Amino acid sequence: MIVQALLPPEARPRLVPYALLVIVAACLRATSALLLVPLLGELFSPQPRAALPWLVALAASVVAGWTLERHLVIRAFDLGFAMMTSMNRRLVDHLLAVPIGWFGAERQAQAKKALAGAVPELFASSVNLMTQASICLALPPAVALGLLFVAWPLGLATLLAVPLLFGALLLGGRLMRRAEADYAAASEEAAARTEEFARSQLVLRAAGRTGAAGTPLGEAIDAQRRNGLRILWFTLPGTLAFSLAMQATLLAMVTVLALMFAEGAIDPARTVALIVVVLRVLEPLNTLAELFPALESTHGAARRTLAILDVPAQSKPERDARPEAPAVEFRNAGFSANGQRILDGISFAVPAGTTTAIVGPSGSGKSTILSLVARLHDVDVGEVRVGGQDVRGYLPGTLMDQLAIVFQTVQLFEGGIAENIRIARPRAGEEELRAAAAAAGVDEIVARLGGWGAPVGEGGGALSGGERQRVSIARALLKDAPILLLDEATSGLDTLNEAAVAAALNGFGQRTVLIVAHRLETIAHADRIVFVENGHVVETGMRETLIANGGRFADYWRHRRDAQGWQIDKATASL
Amino acid sequence: MAAGFQKTMMKALGATDHVMTVLSVTDITPAFRRIRFSAPTMIDGRETPTASYIRLWAPDPVEPGKVHQRGYTLVEPDASTGEVSFDFVLHRPMGPASGWAAAAKPGDTITASYYMFHKFEPPENPEGYLLMGDPAAIPAINAILGVLPPEAPVVVILQAHLPGDAAIPIAGHPGAEVLWTGPGTGALAAAVPVRDWSNWYAWAAAEKDAVKELRATLNRAHGFPLADIKHTAYWMHGKAMRLRKQSNQPGAAEETPAAAPVPIAARAEAGPRPRWRSQGGQELLAGLRWTLRAAGLLQGLISLMQLAPLVLLAELGRRLLAGEKSWEALSPLILWAVGLYGAAAMLSAGLMLWLHAVDARFGHALRLSMVAKLARLPLGWFTDRNAAAVHQAVQEDAGRLHYMVTHAVPDVVAGIVTPISVITYLFTVDAGLAGMLFLPLIAFVALFSHMMRGVADKLVEFANWTKRANAAASAFVEALPVVRVFGGDGRGLRTALEGQAGFLNGWQRPMAGRKVASQLAIQPPAFLLLITAAGCWRILSGGMAPADLLPFLFLGTAFGAQIMSVMYGFVPVREARQAAQRIGVLLEEAELDRRRSSRELPPGPLGLRFDSVSFSYKPRKPVLQDIDLVLQPGTLTALVGPSGAGKSTLAGLPGRFHDVTGGAVRLMAVDAEIDIRELKPQTLQRAVGFVFQDVKLIKASLRENIALARPGATLPEIEAAARAAQIHERILAAPRGYDSVVGEDARLSGGEAQRLSIARALLADPPILVLDEATAFADPESEHLVQQALGALIGRRTVLVVAHRLHTVMHADCIAVMEAGRIVQRGRHEDLLNRPGLYRDLWQAGERKQA
């Protein structure tokens, strides 16, 4: 069950006593309702004083019910709290083991929502909702069973009606949910089109397309209207199903009561009392109908959370491999994402102590090659070897110890710059940290922000993209690992950034470097070039050799050289 | 002991007490005293928003032990020292607070409470700010003046109670006009100048009656919507300043400046009615007013029909108890009960159907009017911030209005009609027992407010924890690659989540028991017990007929739940009203003036002239000044200069991104010069094309994306444009070629999207082109292709380039060097380089960087 899956194994046995106590609480509520039958029977008799013992019994059952329900809420709190703390831990642990490739923008949002939104919501529901909802669920059958002893035909009728009522409630809820989902999807589409319309005003106005008629926007808005009307044909049976079921139940039960009364099986006072009991059977269903949206939302939160735990984690080897000389090698490696082949048959080697530049048009898979070395993704075919071993043979720590990595998009965590650099080697001395920072040109950022401890803002928002990459380079320099993976930034390149990249390359001069390079200077720095296009390695070799061969890299090199000196010149502009 | 009760109530609502010690006393004017306090428990680093105030408990000068509560604005709070000042107005006869302040000396202590610091939040971008008040309001007004945007016009109207009051220092603001008026309840209201206050925001704080009158005057005489007046009564005659009477101060009335209104602008004679953007929301819903009223009435009827069966069943019980046995006498009751119940269900479904149909029509019309509005706004309006406003309006607010139209009214009506009818009916049956139904509610309120003690603080703390957990979760998820690389274990996130869980545990665990106690008090079993117990007692003591108990058993047990739903029912309605207001504001945005826009262009080459153009977004803050620039047909003109010089703003003017505030932009045709404001909008957009760095593709096929500006273009034309823009081959490589859809099977890189947009511009073929030079260097891997495409686009057009790298435009026919909104130099590259000036400085700086 979903509740069980949410709980940590050690807390699961506590569900059984909780469920049993819920049943007891429902029975207590049922008892206090059923006690009305003798109570009213006596109260409306010639000796109304005989009702008093029954009143005492009713008071006792209500007070006992209160005590128990209060206790249940505290139990639910404990369960919810156990769920929250263990779920937080499980989610973080699991996210650390899920391949990075799983995270698209959508899934990132999903993970964030689960961590910060869904888990607290589940906790709040377990405290505020769970006890009341489960008592309401158990109450109608409890009353029905009790009625079997008091007036068995009525009890039987109630017992038959309970599944009908729950079924109608569920059906109504489902239909409503479906209609609302359709409506929400149509609204979202219309909204997205309107936003697109706003974004594209410049072009659309040139085309004189200032209206919605006949455009995708117009279609979306019309579809939204159609859906708004269609929602009715789901809403209507949804609401009607439930109220008709309630009505049919009421009618059936009153009829049974009337027949019993007509046959003289019960006296008038008890008949009246039983009508009250019948109404009390229906009451929890109304409460449930009101709680339905909240329950739905809780259910959704639970599903979203568990969905993340269901994502397969990356494999971990039984035994840790021992790295040899710091080299990197791709052997016929292939990788797909979302059913699309990103890399295919990639083979090349970066011998220890050399620098290799990966070059190629954008979208050719260059950055993915780097991420395979760091095992942010796993290959589908072939293998990637680091230090002479398949990367999948290492425990994560052992692999990462060999690598210093500079990604293209760098996220900093909230805190000071020094803190952000120190993460690379927490035990590094102050001197080493300053030296790494200075080499990467970070001290200039520090001066601007006003100190090593000055906050970098959420996600490093106080820094530009280029500056964030410089911090990342300082991290790599401080980490001082045998292999450097560097993904050069494409945008926001300024002279300081270029100097930082050069410093990193010099700092790692005698070590193994694999770099995704865009700038010609960076490319020139490499011992070997791997030219990648459409997910394939097209050429490899020394830069001069490749240029002399006049292949794809030679073209690329020439184009890039020309582009650098581009001038807008009407005289030479083509027509 | 009113103050004692007040204090208890405030505490129940979460206020906490702080003792403050006087540090120093400064008399700013004889009747205006500033006292600096040490209040380390209050000024402890928590947020103190602008114009926050606290409640001061001033001791009664006569009755010891009695205290009076007064609100005071925080002045210069300093979290590092825990110090804060308050300004006191010392008037005679003195009230308790001013009396205390008059005698205060360093070392004295006084108690203060704060509930929650309230925030000064004016609506966004009003036309100006009208601040009004008396000396007691000056500290708050000073605080507000300190945070208002410097370019905003501000009118401050102050009421002097004493001759010296006008000497109280008012915070400086570049756009503020300060008017003083004399004492008297109506003086402030009379002093409001007559002028067009459209879209102004008003803030007032003074004596209660004065504020009341002021508010009425602003609303009736000046047109201010009540929602746009933020007002607070700071004190009351005879209460705050104790027995203060006008006649006590004959001198004051004579010596202070006359209260005659000082007209700032001449009285507008039958001018257009002033308008506030916030009124748009009300008008939006106005069309639905009668529909919603009818729906409310119908729902009221339905609610009564839903209750009627219970009344009938009670009557059935009564007859049974009376010994009625004949089926003929009983069955009509049952049939009516079931029939009414069924009819109510049907009617309710019908109401739902009707409202959804109304909503579908309303939502459709609303969306179309938003789209139509977007098409009429100036292009410059479409900034990132306004994109967020569009998103808010179409994604979120439209949904809230959907709720408003379909559910809000029935929910609220049902929530009110049901409990009121129930309790009214039960009162007619037996008033004594009906009165007792309020007991559980009282118990609930008592338990609930006990539980809510200190909750305001906790809520703030909880919000902080949530914010922290959210930030940590975002940082963790976004930084996962880095976290993994450095062997991170997500410690930051774990700490934040554990902290949040720990806080919830510490706060909610003790509350869980209390919370359930308060809820159990209003659930059916409590009412059942109460009704049976009290009923037995009243029946046994002969105060009530036994059969009268039945209606209570049938109708009374759900009373608590019904009352609760009234309390919660109004929140979504308020949200929907705010949503309507936001959409209204969007629909009220200033449009491009198109009254004169009717001309077409003659054929032939086109040039462009900026004729002493100036432009500003807000008065007194010019962005462009005295721009004279001519782009001869077929020439290349470059705008260079430091960032913030106004290059991009100037480049947008030919497309009417904004309309100039002075001068004109003219198109130069062969034998005529035409102001662009006189051209048909579409004609202008066809004449002037733009290629910027941020490319906007729409979710449609690549073919449609290229043909966006010319929907009738044929495939060969589209292909030719794509070829010239170096994107044809890339398109053919996509899964469905030209029919591949952006975002589905066509995923374009930055450079590819750029080339696509250039193909678009080629197809549109505008004679004048405005170009951002950075476009050519945005994607290093395909720079040369983008550059070739740009070369094809430039062709023989008249081109205006916003340039960042000087060497890119060194062959331009004219280089205009901009600085701080003006053109400071112009000429060809060689000439500019030979003269001292900004261009040479910029060029040399660039050379150094290259080296």
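Guide: Two residues are in contact if their C-beta atoms, placed from the backbone, lie within 7 Å. Keep that cut-off in mind. The model above is predicted.

Visitor: Let me use it on the two chains. How many residues does the contact take from chain B and from chain A?

Guide: Chain B puts in 118 residues, and chain A puts in 117 residues.

Visitor: Which helix gives the most to the side of chain B that touches chain A?

Guide: Helix H9 of chain B, residues 327–374, with 20 residues. Now sort that side of chain B by residue type. You get 72 nonpolar, 29 polar and 17 charged residues.

Visitor: What does chain B look like as a whole?

Guide: Count its elements. Chain B has 27 helices and 22 strands. Of its 851 residues, 42% are buried. Then look at its contacts with a separation of 6 or more: 77% of them join residues 24 or more positions apart.

Visitor: Next, strands. How do strands of a sheet pair?

Guide: Through backbone hydrogen bonds, either parallel or antiparallel. Strand S21 of chain B, residues 814–819, shows both cases. S21(B) runs parallel to strand S15 of chain B, residues 636–640, and four bridges join the two. Here Leu639(B) stands opposite Ala816(B).

Visitor: Which strand runs antiparallel to S21(B)?

Guide: Strand S22 of chain B, residues 822–827, joined to S21(B) by five bridges. Glu819(B) faces Arg822(B) across this pair. S21(B) and S22(B) form a hairpin, with two residues between them. In the turn, Ala820(B) has a positive phi of about 50°.

Visitor: What about a residue in between?

Guide: Take Arg511(A). It is partly exposed because 17 other C-beta atoms lie within 10 Å. Arg511(A) sits in the loop between helix H17 (495–507) and strand S8 (512–516) of chain A. Leave out residues up to four places away in sequence, and Arg511(A) touches Pro326(A), Gly353(A), Pro482(A), Ile483(A) and Leu484(A). Now compare sequence with space. Arg511(A) and Glu419(A) are 92 residues apart in sequence and 26 Å apart in space, C-alpha to C-alpha.

Visitor: In what order do the strands of the open sheet in chain A lie?

Guide: Read across the six strands: S6-S7-S8-S3-S9-S10, with mixed pairing. The edge strands are S6 (403–406) and S10 (536–541), each pairing on one side only. Neighbouring strands are turned by 15° against each other on average, direction ignored.

Visitor: Last topic: the nonpolar cores. Which residues of the largest one touch the most other members?

Guide: Val277(A) and Ala504(A), in a core of 221 residues. Helix H4 of chain A, residues 52–97, gives the most to this core, with 16 residues. Trace Ala504(A) yourself. Beyond its neighbours within four places in sequence, its contacts include Val406(A), Ala440(A), Ile473(A) and Leu486(A).

Visitor: How many residues are in the second, separate core?

Guide: It has 126 residues, among them Tyr183(A), Val688(B), Ile718(B) and Val799(B). Check the letters: this core includes residues from chain A and chain B.

Key:
Residues are numbered from 1 along each chain as its sequence is written. Chains are lettered from A and ligands numbered from 1 in the order in which they are written. This is a predicted model: local features need pLDDT of at least 70, side-chain atom pairs count only at pLDDT 80 or more; totals for chains, interfaces and linings use all residues. Ala, Val, Leu, Ile, Met, Phe, Trp, Tyr, Cys and Pro count as nonpolar, Asp, Glu, Lys and Arg as charged, and the others, Gly among them, as polar. Two strands pair if DSSP finds at least two bridges between them. A nonpolar core is a set of buried Ala, Val, Leu, Ile, Met, Phe, Trp, Tyr and Cys residues joined through C-beta atoms within 7 Å. A residue is buried if 20 or more other C-beta atoms lie within 10 Å of its own, exposed if 12 or fewer, and partly exposed in between; C-beta atoms are placed from the backbone. Axes are lines fitted to C-alpha atoms, for helices over the stretch in contact, and angles run from 0 to 180 degrees between N-to-C directions.
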